[in-house]
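Here's a quick briefing on a fold, with the cut-offs spelled out as we go. Have a look at the model first, then read on.

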Amino acid sequence: MQIEVLQWNISYSCRTDRISDFLKNQTSAPSIICLQEVLQSSKDKIIDMLKPTDHSYSLDIRPPGKFDGKNRKLGVLTMTFGGKISESHLIERCLFPERTLFTKIDFDDHLSIKILNFHSLTGAGYKRGKTS
């Protein structure tokens, strides 16, 4: 069995309709798509347009708190087409756990794939990140 894996930092200010149209033309089942910098509103639109078999979104696991800034509202989204997510969790002991998502995806033929979808911090030193 051959499985396509596509990973993309879509930018929080993206046009979800164009992203979804592109992804529709690039993938077929079975496949896994991992997206970074996904806002809640973007996630809902992408899921509605692509209709994956299953998905997991980091901000569904750790929603932004009342006092969290904009940088805590960027999540990562893992979608599968032709598979079923059997396990999904964040990497808790890190600076921004909501930008990490470990997912185990089960496909037919007793095939399981474990994938880590994450969005790294760029342009922020440890001291600046530590104060977040």
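Two strands count as paired if DSSP finds at least two bridges between them. Helices (H or I, at least four residues) and strands (E, at least two) are DSSP runs, numbered from the N terminus. Bear in mind that this is a predicted model, where local features need pLDDT of at least 70 and side-chain atom pairs count only at pLDDT 80 or more, while totals for chains, interfaces and linings use all residues. Residues are numbered from 1 along each chain as its sequence is written, and side-chain values use heavy atoms, with hydrogens and water left out.

**Overall layout**

- The chain has four helices and seven strands, and from the N terminus on its elements run β-α-β-α-β-α-β-β-β-β-α.
- A compact globule of 132 residues would have a radius of gyration near 14 Å, and the chain agrees with that at 15 Å. That radius is taken over C-alpha atoms, and the globule rule is 2.2 Å times the number of residues to the power 0.38.
- Along its principal axes, the C-alpha trace spans about 45 × 30 × 25 Å.

**The four-stranded sheet**

- Four strands make an open sheet with mixed pairing, in the order S1-S2-S4-S3. S1 and strand S3 (54–57) are the edge strands, each pairing on one side only.
- From one strand to the next, the twist averages 10 degrees. For angles, axes are lines fitted to C-alpha atoms (for helices over the stretch in contact), and values run from 0 to 180 degrees between N-to-C directions.
- Strand S1 (residues 4–9) pairs with strand S2 (residues 31–38) in the parallel sense over six bridges, and valine 5 stands opposite isoleucine 32 in S2.
- To get from S1 to S2 the chain goes through helix H1 (residues 16–26), in a right-handed β-α-β crossover. Right-handed here says that, with the strands pointing away from the viewer, the path from the first strand over the helix to the second runs clockwise.
- S3 and strand S4 (residues 75–81) run antiparallel, joined by four bridges; aspartate 54 stands opposite threonine 80 in S4.

**Helices H1 and H2**

- H1 packs on the sheet, where it touches S1 and S2, and its direction makes about 160 degrees with that of S1. Contact means heavy atoms within 4.5 Å.
- H2 lies across S2, S3 and S4, at about 10 degrees to S4.
- The axes of H1 and helix H2 (residues 40–50) come within 10 Å and cross at roughly 35 degrees.
- On the H1 side, Thr16, Asp17, Ser20, Leu23 and Lys24 meet Ser42, Lys45, Ile46, Met49 and Leu50 in H2.

- The peptide bond from alanine 29 to proline 30 is cis, with omega near -5 degrees; proline 30 sits in the loop between H1 and S2.
- Glutamate 37, in strand S2, has phi near 60 degrees, a positive value in a residue other than glycine.

**The three-stranded sheet**

- Another open sheet has three strands in the order S5-S6-S7, with antiparallel pairing. Strand S5 (84–89) and strand S7 (111–118) stand at the edges with a single partner strand each, so one side of each is left without a neighbour in the sheet.
- The twist averages 20 degrees from one strand to the next.
- Strand S6 (residues 100–107) pairs with S7 in the antiparallel sense over eight bridges, and phenylalanine 107 stands opposite leucine 111 in S7.
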